[in-house]
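Keep the 3D view open as you read.

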Amino acid sequence: MNVEGNPITPSGMAAMRARYDHLLGTERPQIVEIVSWAAGNGDRSENGDYLYGRKRMREIDRELSFIARRMKAARVIDPAGQLDRTRALFGATVEIAGDDDNRRVLTLVGDDEQDATAGLIGWTAPIAIALRGAKIGDLRRVRLPSGQKEWEVIAISYPPKTPITVA
């Protein structure tokens, strides 16, 4: 499976869409209402609700614009459809062990859905780049801020393929 551009999993795209919809359909209308109410209260230069509301509205508009650009550039790739399940490719969940036998489980996802605390590693992160194409038993070196570290690939898995049903 060739991964170019800005790859993202279906769940990552759904989360991005949900954030966009929440900002546009819930949060922004609430702020517009507060700003309108505050504007009717007189002197806007000293009205905290008005000033904060306008600032928050600009932040929301910037985030909406950013998310819209990222969604437009995104290429949804379903890891369940991966044909070569013997290599660490986009969407793979990889178990690795360090020199000290410290084990970690990482899932290679799009940069827009990365969350290191949850083990979701962005596709362009140094460790993801090092793991790309690896097979079980391969040793991969990663240059980290704390120095170079070597990891052995212990296991590779993908989400199960969903059967196609014909109605």
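Predicted model: local features only at pLDDT ≥ 70, side-chain atom pairs only at ≥ 80, totals over all residues.

Residues are numbered from 1 along each chain as its sequence is written, and side-chain values use heavy atoms, with hydrogens and water left out.

**The helix pair**

Two packed helices are described by the angle between their axes and the distance between the axes. Here, helix α1 covers residues 10-39 and helix α2 covers residues 48-73; their axes come within 9 Å and cross at roughly 160°. Helices (H or I, at least four residues) and strands (E, at least two) are DSSP runs, numbered from the N terminus. The axes are lines fitted to C-alpha atoms, for helices over the stretch in contact, with angles running from 0 to 180 degrees between N-to-C directions. α1 and α2 are therefore roughly antiparallel to each other, a label for angles over 145 degrees. Their crossing is left-handed, meaning that the near helix is turned anticlockwise from the far one by less than a right angle. By class, the contact of α1 with α2 has 19 nonpolar, 1 polar and 10 charged residues. In this scheme Ala, Val, Leu, Ile, Met, Phe, Trp, Tyr, Cys and Pro are nonpolar, Asp, Glu, Lys and Arg are charged, and the others, Gly among them, are polar.

Two residues of α1 deserve a look: Q30 and H22. Q30 is partly exposed at 46% relative accessible area, and H22 is also partly exposed, at 36%. For these terms, buried means under 20% relative accessible area, exposed over 50%, and partly exposed in between (1.4 Å probe, protein chains only).

**Pairs across the sequence**

| Pair | Apart in sequence | Apart in space (C-alpha to C-alpha) |
|---|---|---|
| V76 and S11 | 65 residues | 9.3 Å |
| Q30 and M57 | 27 residues | 9.7 Å |
| I8 and K72 | 64 residues | 11 Å |
| H22 and T117 | 95 residues | 24 Å |

**Residues in the strands**

I8 sits in strand β1 (residues 6-8) and is buried, with a relative accessible area of 0%. Contact here means heavy atoms within 4.5 Å. V76 belongs to strand β2 (residues 74-76) and is partly exposed, at 45% relative accessibility. Leaving aside neighbours within four places in sequence, V76 is in contact with I8, T9, P10 and M13.

T107 is found in strand β4 (residues 103-109). Is T107 buried or exposed? T107 is buried, with a relative accessible area of 16%. The side chain of T107 makes a polar contact with the side chain of T93, at 3.0 Å. A polar contact is a pair of N or O atoms within 3.5 Å; within protein, one must be able to donate a hydrogen and the other to accept it, and residues adjacent in sequence count only if both atoms are side-chain atoms. Beyond four places in sequence, the contacts of T107 include G91, A92, G119, L120 and I121.

**A loop residue**

Most residues other than glycine have a negative phi. D101, however, has a positive phi, near 65°. D101 lies in the loop between β3 (93-98) and β4, and is exposed, with a relative accessible area of 54%.

Conventions: Parallel < 35°, antiparallel > 145°, perpendicular 65-115°, else oblique.
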